[in-house]
Structure formats: structure tokens, C-alpha cells
Amino acid sequence: MNGSRNISAFKRLVPVVTYDKVQQYILRIATGEDSSILCGEQIVELLRSSGTSQGEPRLMPSILKDLDRRTYLYSLIMPIMSKYISGLDKGKAMYLLFAKAETLTNSGMPVRSVLTSYYKSPHFLHRKHDLYNNYTSPDEVILCPDSQQSMYCQLLCGLVERQHVLRIGAVFASAFLRSISFLEHHWCDLVNDIRIGQLNPSITSPACRLAMLDFLASPNPELADQVEAICSCGSWKGILGRLWPNVKYIEAVLTGTMAQYIPMLEFYGGGGIPLVCTMYASSESYFGVNLRPLCSPADVSYTILPNMAYFEFIPLEDGLRLTDHEEMVENDRLVGLVDVKVGCYYELVVTTFSGLYRYRVGDVLQVTGFYNQAPQFKFICRRNVILSIDTDKTNEEDLHNSITAAKKILENRNYLLLEYTSYTDTSTVPGHYVLFWEIKSTHDESPTPLDCQLLESCCAAIEESLDYVYRRCRAHEKSIGPLEIRLVEAGAFDALMDLLVSHGSSINQYKTLRCIESGLALKLLNSKVIACFFSPRDPECSL
């Protein structure tokens with residue numbers, strides 16, 4: 001740029017890049033080189049991404065002022081919510097928030113998740129008392145690096161404060177459901193702690209034990225009996241409304257692949273608690289907010305805040321299939337925030353304050369409308385999650401849509417799909433798609449028998465919902481084998497989460513890998529398989 005601030009020169013001279021082009025500079029800074037090789041301001045930390053697309057965390061540069069921008073976006077959430085729901089200042093929020101242990105580079109720079117960065121910052125720890133952001137969990141419990149101890153204590157706090165809780169949630173729907181599953185397995189211990197007024201000895205963190213003294217100041221057998229009666233009643237359908245009778249909504253990210261958790265949230269919520277998705281953010285930058293938080297999760301659109309970053313967009317004229325994520329993009333193909341068109345699809349590109357220039361985030365968005373003159377976007381999918389055996393290319397959205405079609409078959413037989421992931425098995429000839437499924441009966445007392453025909457029909461429904469190229473390869477070219485569902489035992493995906501969190505993922509930012517390739521994750525899931533099912537027929541495909 002030679003010192004120029006001309007936007008036309010910027011668009012002409014600065015290339016559009018992916019992470020592999022930026023990584024070398026970030027790693028040089030991590031080893032001690034000056035931040036000026038990438039950014040005009042001092043980079044103070046590296047933010048570890050969730051790494052769910054390729055299974056490897058990426059490191060994003062961050063400057064001190066980034067915390068101001070994140071805090072600004074957070075400060076908008078409650079004014080937006082208060083336009084639709086009154087009285088949110090009259091109680092507390094049971095938000096299950098988790099900090100992850102950080103590491104240091106050789107030069108001493110912190111490496112941590114974006115949420116851990118915020119929770120450890122003065123912006124969070126020294127925040128002013130705010131009736132609209134009154135949490136049940138003490139900061140010391142949120143900051144506990146042991147996620148199991150933190151989860152136990154946060155749930156205990158929420159149960160003690162159950163009559164005062166007005167909203168519940170977590171960052172991602174998957175993390176919230178993980179906590180409810182944890183509650184299902186540990187409610188007896190939690191009830192006992194409340195009954196005797198003492199914290200379970202399995203909680204060994206001194207900070208947690210000290211913080212919990214105020215919550216367990218004395219025995220409370222009456223509250224213990226109430227919680228025990230609710231948790232031991234059999235089916236957990238509607239359990240959230242019974243445990244927290246004054247709750248007004250559940251908050252979590254519910255867009256993209258998180259949408260698959262909506263049926264389980266509705267099951268635990270009894271269908272009467274609104275599901276709310278408030279904001280759109282990533283490790284690279286925070287992006288925008290949902291100005292209609294009570295809309296259906298399927299209709300969530302985000303209004304991009306132009307002070308968060310400089311936003312550009314790659315048009316995807318042919319739906320989602322114009323380019324692969326790795327393909328070079330000509331500089332003049334990008335359009336600005338003011339030039340996007342309703343109904344069109346785009347890939348998001350950002351220039352941040354902290355050293356990412358024309359960086360391809362990898363998110364595909366669709367313009368749904370405008371708020372005044374600000375465009376609003378629906379999150380569609382991540383572009384760099386692909387299943388491919390032959391000439392087929394199945395992205396995250398394709399996979400999600402096909403599985404949604406099959407889920408209806410399960411639901412008609414009183415089963416819910418809790419979690420799934422996929423991989424391409426090329427050890428067979430021809431190779432084939434494999435889906436790992438964990439399912440749960442909605443009738444705890446007398447579930448409908450799970451038979452072979454049911455899962456085979458799910459295999460067939462998925463194949464029928466995949467695109468023409470896949471079906472042609474399957475039915476006519478025989479270059480892809482029958483799709484396989486591997487049913488895994490209860491808790492398999494919890495074990496997968498534990499594995500990946502132990503290898504550096506943040507429990508706050510954790511999103512189940514929608515495509516795995518090999519290694520420990522695949523080995524773990526295969527060890528949990530209890531049955532395998534294959535598509536019984538070729539999908540329909542006319543030449």
C-alpha cells in the first residue's frame with residue numbers, strides 16, 4: 001500500500017487470502033518477532049480457534065482494543081432482549097460458561113480461546129454490577145480450568161438459585177446439552193450437597209470450594225426434596241421448565257449445524273420455552289447481532305456491525321458450489337457490505353484491526369433483508385467441510401439437510417438424533433460415506449424397539465436427499481458404495497468432546513466435528529460402535 005489509505009488501491013493491491021497464507025507471520029510473532037510484520041499495533045495474545053472444520057486449531061492475532069469491541073457487542077444483547085421480554089433485571093441468568101487453561105508461546109505470549117480471553121480480562125472480571133447481567137455462577141467457578149468441576153459447581157449454583165433464574169443457556173447449544181446430560185448423571189450428588197450443605201469431595205479446586213461456601217452455607221433439605229422429586233420423575237421431557245419454573249428463554253448458538261440440537265432443546269424445554277440466538281462471532285472477529293431474538297431458530301438473521309471489522313463478500317452465483325474454499329479468488333470479484341443483494345449467497349471476507357487482511361473466514365451467508373440500510377445475513381454453513389469419494393462433493397449444508405430428512409423417520413418412532421459426524425471410508429472398494437449416530441428414546445420407560453429396518457430406511461432417506469452427482473455415482477457409476485450408519489453407545493460423543501478438549505479445544509467453543517479423517521477421534525468412535533447399518537438400495541437417479 002506504500003502508506004496509501006485509498007480503498008480502491010486496497011482492493012487492487014491486497015490479495016484475498018486463506019489461513020495458510022497468514023500462518024507463517026502468526027508463527028513468527030509467536031516465536032518472538034515484532035508484531036509490525038503483520039499489524040500496526042502490538043499483538044498481545046493469540047486466540048485459538050475451535051478448529052472444528054479441519055480438526056486443528058488455528059491461531060488468530062489479537063490486540064488490546066479487540067476486547068473493547070467484544071465488550072461493546074455484548075453490551076447490545078440485553079437492550080435488544082429487553083425490547084421483547086420485560087423484567088430481565090428482576091432475576092439471574094444461569095449461563096454455563098467455561099474457561100480453558102491457556103498456554104504460552106516460546107516468547108511468552110498467551111495462547112487461549114477467545115472466550116477465555118474475555119473471561120480473564122478486566123472487562124469481565126471488573127465489570128460494574130448490572131441487574132441485567134447477574135449470573136448464578138461465581139467468576140472463580142467459571143475460571144476453573146477443570147471443565148467437569150466447573151460444570152458441577154455451575155449446575156449446583158443454578159439449582160440453589162432455581163427460583164431466581166430467568167434465563168439459561170451456554171455459548172453453543174452443544175455445550176448446553178452436554179451440561180444437561182451431565183446433570184442427568186450427577187443430580188443425586190448435587191441433591192445430596194444441597195441436603196447436607198456440603199460440597200462433594202470430588203471438587204478439589206480450592207477456588208471452587210471457597211466460592212461455593214456462600215451457596216452451601218447451611219443444609220437445605222426442602223430444596224433438596226424439590227429437586228429430587230423433579231429429577232426422579234422418569235421422563236426428562238420438559239425438565240428445564242420444572243427445575244427453573246421462572247425461566248423466560250434458553251440462549252445459545254442455534255444456527256448452522258447447531259440447528260440439529262433444536263429438537264433436544266425442545267424436548268428438555270417441553271416446547272414452551274423460547275430458543276434464542278443473539279449474536280454471530282468467531283475467533284477472527286465478532287460480526288453482528290440478531291435484532292429479532294424471538295424469531296424461530298430457522299429464521300435467525302444477523303445484522304452485521306460495520307465497526308467490528310471491514311467486511312467484504314465473495315459472490316457465490318451458483319449457489320454454494322462456485323468455488324472451493326482453497327481456490328484463488330480475483331481481487332475485483334469481491335463486493336462491499338453496501339453492495340450485497342437480497343437472496344444471494346456470499347462467502348465472508350474480513351479485514352480486522354489485528355492483522356488479518358481480506359481473510360476468508362469460510363462462512364457462507366445468505367442476505368435475507370435489511371435493517372434500515374444495514375444488510376442482514378442468515379448463516380448457511382462452513383465451506384471447508386467436505387465429503388468426497390469420487391466426483392461428488394458434499395458440504396456441511398448438504399449433509400445437514402440430508403440428515404434432517406432422515407431424522408423425521410426416527411422421530412416418528414419416538415427417537416431423537418443426539419449427535420452425528422461423518423467420514424469417507426476408502427478402505428473399501430468402492431469407498432463410501434460413514435455416519436456415526438448417537439440416538440435417544442423420547443419414551444424413557446418403554447422405548448419403541450430399534451430395529452434394523454428403521455436404520456436402513458434412514459440410510460436410504462439420506463442418500464435420496466443428497467445431490468445428483470452423489471446419486472449418479474452411487475446408482476449408475478457404482479463409484480460410491482452404500483451409505484453406512486454406525487450406531488454408537490450412549491455418551492460416545494461426550495467422550496469425543498472430552499478427547500478433543502483434552503487436546504486443546506475449548507469447551508465453550510466446542511462444536512462436534514462434522515467430518516473426521518483419521519486418528520484418535522476416529523479410533524474412539526469406532527470403539528463405541530454397537531451396530532452398523534447400510535442403505536438397502538440404490539438411490540433414485542435418472543440419467
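Author: Buried means a relative accessible area under 20%, exposed means over 50%, and partly exposed lies in between (1.4 Å probe, protein chains only). This is a predicted model, in which local features need pLDDT of at least 70 and side-chain atom pairs count only at pLDDT 80 or more, while totals for chains, interfaces and linings use all residues. Residues are numbered from 1 along each chain as its sequence is written, and side-chain values use heavy atoms, with hydrogens and water left out.

Reader: Is Asp494 buried or partly exposed?

Author: Asp494 has a relative accessible area of 23%. The limit for buried is under 20%, and exposed starts over 50%. Asp494 is therefore partly exposed.

Reader: Which residue meets Asp494 in a salt bridge?

Author: A salt bridge is a side-chain nitrogen of Lys or Arg within 4 Å of a carboxyl oxygen of Asp or Glu. Here the N to O distance is 3.6 Å, and the partner of Asp494 is Arg178.

Reader: How many residues apart are Arg178 and Asp494?

Author: Helices are DSSP runs (H or I, at least four residues), numbered from the N terminus. Arg178 lies in helix H8 and Asp494 in helix H16 (residues 492–502), so the pair links distant parts of the chain. The separation is 316 residues.

Reader: How many salt bridges does the structure hold?

Author: Salt bridges that share partners join Glu45, Glu102, Arg112 and Lys120 into one network. The number of salt bridges in the structure is 23.

Terms used:
Helices (H or I, at least four residues) and strands (E, at least two) are DSSP runs, numbered from the N terminus.
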